[in-house]
Amino acid sequence: MFFSVVIPTYNRLPILQKCLRALEAQDLDDQTTITGYEIVLVDDGSTDGTLDWLKVHQEEFPHLRCFEQDHAGPAAARNLGVEQASGDTIIFIDSDLVVLSNFLKAHSNALVKANKQLGSDRFFTYGAVINTCNFENPTAEPYKITDFSAAFFATGNVAIPKHWLIQAGLFDTGFQLYGWEDLELGVRLKNLGLKLIKCPEAVGYHWHPPFALQQIDNLIDKEIQRGRMGILFYQKHPTWEVKMMIQMTWLHRLLWGILSVNGLFNEKTSAPLLQWLINLGKPQLALEIARIFLNWYNVKAVYEAYSQMETIQTK
């Protein structure tokens with residue numbers, strides 16, 4: 001089993017350094033099923049000196065193969081990574097993820113065990129992702145209930161035979177804004193009969209800076225983008241399951257409408273409360289509260305995009 005760890009990156013040099021160093025520090029001494037691994041990094045047009053830094057430090061990363069493209073988004077970057085990968089098994093992680101030293105071994109053990117149980121490779125392994133804002137020591141963060149994910153296929157920490165990605169058609173580069181390109185591929189993989197095998201021993205720590213009010217405009221923009229891309233997702237797979245995923249149901253509209261008081265609880269009216277919590281040293285709690293109006297922005301964007309789609313179709 002030869003792993004190709006495919007990582008798209010865009011202007012994340014400080015945390016990318018930790019990401020790559022963790023992957024170079026893998027413990028494979030007693031591992032017999034892994035014949036080798038490579039790190040396939042695709043720089044998506046970074047402007048923060050990522051490529052220059054990698055050239056200076058290339059001796060530090062013997063497993064690294066680096067590719068670059070003009071800024072085209074993570075879907076195109078992952079596709080390029082898969083196309084250039086030498087391995088028979090692809091592992092997707094993001095460039096702000098720091099893994100433990102047993103990461104590759106854990107995925108390998110889970111893949112071998114599942115293959116024996118199922119009698120085929122029609123599955124993928126899905127590791128654990130723990131969110132943290134501790135930059136100095138990201139792997140010290142404990143698991144929290146908010147780290148739970150019900151996603152079928154997400155590229156934060158997943159290992160899958162390369163040939164299934166090729167057969168499914170890779171990522172749809174039509175998802176040029178934020179969100180859904182990995183879950184949409186997951187629907188196609190599920191239609192091919194692939195199963196999800198949880199692999200909690202393969203832990204990745206997803207770093208992001210502590211929540212601050214200055215981030216809100218960007219977070220709102222992402223939710224609006226996610227809403228628009230959600231409709232593209234629904235156009236490709238017009239099912240009730242997808243409607244639930246993209247929050248295009250009366251239940252989501254009612255829930256976030258009530259909790260946000262029809263938008264009256266927003267980034268402006270909540271600012272004093274959020275800043276108070278941040279000052280108390282509780283930025284994560286502040287972010288969870290902010291998700292009330294962020295989800296309301298998302299739901300509104302979904303329905304606005306859906307209405308525009310229907311208007312275009314009727315012309």
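What follows is one connected reply on a helix, and then on the sheet.

Reply: Please keep in mind that this is a predicted model. The part to look at is helix H9, which covers residues 250-259, and in it His-252, Trp-256 and Gly-257 are buried, where buried stands for under 20% relative accessible area. In general, an α-helix has 3.6 residues a turn, so residues three or four places apart point the same way. On the face of H9 that is turned away from this buried side we find Trp-250 and Ile-258, which are exposed. Just after H9 comes Val-261, which takes a positive phi of about 55°.

Turning to the sheet, 8 strands form an open sheet with mixed pairing, in the order S3-S2-S1-S4-S7-S6-S8-S5. Its edge strands, S3 (64-68) and S5 (97-99), each pair on one side only, and neighbouring strands are turned by 30° against each other on average, direction ignored. Within this sheet, S6 (residues 123-132) and S8 (residues 195-207) pair in the parallel sense over 10 bridges, and Ala-128 has Val-203 in S8 as its bridge partner. Helix H4 (residues 103-118) packs on the sheet, touching several strands, including S6 and S8, and its direction makes about 175° with that of S8.

How values were computed
Residues numbered from 1 in each chain as written. Predicted model: local features only at pLDDT ≥ 70, side-chain atom pairs only at ≥ 80, totals over all residues. Heavy atoms only, no water. Pairing = 2+ DSSP bridges. Helix = DSSP H or I, 4+ residues; strand = E, 2+ residues; numbered from the N terminus. Axes fitted to C-alpha atoms, helices over the stretch in contact; angles between N-to-C directions. Contact = heavy atoms within 4.5 Å. Buried < 20%, exposed > 50% of the residue type's maximum accessible area, 1.4 Å probe, protein only.
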